[in-house]
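Dear colleague,

I am passing on a structure for you to look through, and below it I have set out what was found. Please read the notes with the view open beside them.

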Amino acid sequence: MPLSKHSISAFQSVTALACFLHIPDLVARMSTQDRGGDWQLPAFSDALAA
């Protein structure tokens, strides 16, 4: 991760541009693995005891 003020600003600008251009959607569409969000979370027995 960037540490200087200029590199943080550049990182934020590149990230904003990638989101504006829908780059994450394009990458997800081209992905060979299922990224539909149907993730199965592990069942923790102690989580229900609270």
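**Overall picture**

Please keep in mind that this is a predicted model. The secondary structure of the chain comes to 2 helices and 0 strands, and of its 50 residues, 0% are buried. The chain has an accessible surface of about 5100 Å², and carbon and sulfur atoms account for 65% of that area.

**The helices and what follows α1**

Helix α1 is made up of 16 residues, and the distance from its first C-alpha to its last is 22 Å, which is close to the 22 Å expected at 1.5 Å a residue. Just after α1 comes His22, whose phi is positive, at about 60°.

**The nonpolar patch**

Which helices each supply at least two residues of the nonpolar patch? They are α1, which covers residues 5-20, and α2, which covers residues 23-30. The patch lies on the surface and is formed by Leu17, Phe20, Leu21, Ile23, Leu26, Val27 and Met30, which together have about 730 Å² of accessible area. Its largest share, 4 residues, comes from α2.

Leu17, one of the patch residues, has its place in helix α1. Why does Leu17 count as partly exposed? Its relative accessibility is 49%, and the partly exposed class lies between the buried residues, under 20%, and the exposed ones, over 50%, so Leu17 falls in that middle class.

With best regards

Note on methods:
Residues are numbered from 1 along each chain as its sequence is written. This is a predicted model: local features need pLDDT of at least 70, side-chain atom pairs count only at pLDDT 80 or more; totals for chains, interfaces and linings use all residues. Side-chain values use heavy atoms; hydrogens and water are left out. Buried means under 20% relative accessible area, exposed over 50%, partly exposed in between (1.4 Å probe, protein chains only). Accessible areas come from the Shrake-Rupley method with a 1.4 Å probe; for residues, only the protein chains shown count as cover. Patches are made of residues with over 30% relative accessible area and no salt bridge: like charges are joined within 9 Å, nonpolar side chains (Val, Leu, Ile, Met, Phe, Trp, Tyr) within 5 Å. A salt bridge is a side-chain nitrogen of Lys or Arg within 4 Å of a carboxyl oxygen of Asp or Glu. The expected span of a helix is 1.5 Å times one less than its number of residues.
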